[in-house]
Amino acid sequence: MKTAGVKGWYSMAVDIAIDLGTSRTRIFLPRRGITADVPSVVAVGEEHEELLHFGEAAYRMIGRTPPPIRTICPLGNGVIAHFDWAAAMLAALLKETVSAKIRMPRVAVCVPVGLTDVEKRAVIDAVSRSGVRQVCLVEAPVAAALGTGIDIHTPHGTLVVDIGGGTTDMAVISLCDAAVSRSVRQAGQVMDEAIIQYIREQHHLLIGQRTAESVKQQIGCIVPDIRSGECCVKGKNLLTGMPGQVTVAAEEITAPLQTTAQAITGCIRELLEATPPELMADIEAEGIVLTGGSAQLPGFDRLIQQATGLSVRIAEQPDLCVINGCGRYLRFLRKAA
């Protein structure tokens, strides 16, 4: 497999933060902020097993490639599904976004909570292929808490729920760590699949992942009657085999999205039941903080509030909280050095 070589092209030391997400991969550099924010997709040539495109260029090719080329999502449900292509994507992205005069002695990488040792090792090895000296794994809720500006150093409990693309990670943060945590593989991509299934069954129209994601963003809603409107959806008519299109209303999309939302809400309730009473008192006073791109779906905060009886707020720029928090985590690495 041919990949972009990056080992040895660093010279001036700097730490780097990476959010290796199922849907998007982001890179943060001190004093520069977020330098890359691209879809976690690669396009590969099957004949020579070489990386052709990654990020936005590869994302635009999903469902549109001829047989010699295929698109791959190297990450699934928050873990590495295709090790070689995940490593190749990271190497190419770092080479494109990080100055050739910079070397990376340490890298902080955001990961879901509850990863197995094998899954953690896969992340470390994939990042290490780029020539880094040290890789530090940061659990997503801890990074998200830092990204929202929460002081995680105090003995005070804060419940952060990060609803991403592949997983929803939640934890009660106190004294710089997760006192209680949960992770459920129910998030944005499962919602996309539910939309695909609904439109297939109800309208006999086959659509792709990109179309489903667009429908979710345009008219998706977790609670009925919060969002109105309709969307024209194009795809393949399963009855005729010909191109077709249907008009889908916002209220139709609520039902398939609610299944995933209810699963996430149930996991939050389980975490609260396992939370010690002193921390529970803190959460009751402060409420729940939502981060992650899927947290922006209208009605998600209301559904969680109804299910838990706690106040719920959505963080500013919720989709960027994890990478910004991971960037702030770099300070801990410097102090420990």
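**Reading loops, cores, charges and helix packing**

Mentor: Leu175 sits in the loop between β14 (168-174) and β15. Strands here are DSSP runs of E with at least two residues, helices are runs of H or I with at least four, and both are numbered from the N terminus. The model is predicted, so local features need pLDDT of at least 70 and side-chain atom pairs count only at pLDDT 80 or more, while totals for chains, interfaces and linings use all residues. Residues are numbered from 1 along each chain as its sequence is written, and side-chain values use heavy atoms, with hydrogens and water left out.

Trainee: What is the phi of Leu175?

Mentor: Most residues other than glycine have a negative phi. Leu175 has a positive phi of about 55 degrees, although it is not a glycine. At 51% relative accessibility, Leu175 counts as exposed; exposed means over 50% relative accessible area, buried under 20%, and partly exposed in between (1.4 Å probe, protein chains only). Arg31, in the loop between β3 (24-29) and β4 (33-39), also has a positive phi, near 70 degrees. Arg31 is exposed too, at 81% relative accessibility.

Trainee: How many residues does the largest nonpolar core have?

Mentor: In soluble globular proteins, nonpolar side chains tend to be buried together. A nonpolar core is a set of buried Ala, Val, Leu, Ile, Met, Phe, Trp, Tyr and Cys residues joined through side-chain atoms within 4.5 Å. The largest one has 43 residues, and Leu159, Ile222, Val233, Ile268, Ile288 and Phe300 have the most contacts inside it. Helix α7 (residues 250-273) gives the most to this core, with nine residues. Apart from it lies another core, of 35 residues, among them Leu51, Val79, Leu93 and Leu94.

Trainee: Which residues is Phe300 in contact with, leaving aside neighbours within four places in sequence?

Mentor: Contact means heavy atoms within 4.5 Å. On that basis, Phe300 touches Ile163, Met191, Ile222, Ala261, Ile264, Ser294 and Ala295.

Trainee: How many salt bridges does a search of the whole structure find?

Mentor: Side chains of opposite charge can pair when their charged atoms come close. A salt bridge is a side-chain nitrogen of Lys or Arg within 4 Å of a carboxyl oxygen of Asp or Glu. The search finds eleven. One of them joins Asp15 and Arg106 (3.0 Å, N to O). Asp15 lies in the loop between β1 (12-13) and β2 (16-20) and Arg106 in strand β11 (residues 106-111), so the pair ties together parts that are 91 residues apart in sequence. Asp15 is buried at 3% relative accessible area, and Arg106 is buried at 12%. Elsewhere, Asp19, Arg24, Arg26, Asp37 and Glu56 are linked in a salt-bridge network.

Trainee: At what angle do the axes of α5 and α6 cross?

Mentor: Axes are lines fitted to C-alpha atoms, for helices over the stretch in contact, and angles run from 0 to 180 degrees between N-to-C directions. The axes of α5 and α6 (residues 209-219) come within 9 Å and cross at roughly 100 degrees. The two helices are therefore roughly perpendicular: 65 to 115 degrees counts as such, under 35 as roughly parallel, over 145 as roughly antiparallel and the rest as oblique.

Trainee: Which residues of α5 and α6 meet?

Mentor: Gly188, Gln189, Met191, Asp192, Ile195 and Ile196 in α5 meet Gln209, Ala212, Glu213, Val215 and Lys216 in α6. The residues of this contact divide into five nonpolar, three polar and three charged, where Ala, Val, Leu, Ile, Met, Phe, Trp, Tyr, Cys and Pro count as nonpolar, Asp, Glu, Lys and Arg as charged, and the others, Gly among them, as polar.
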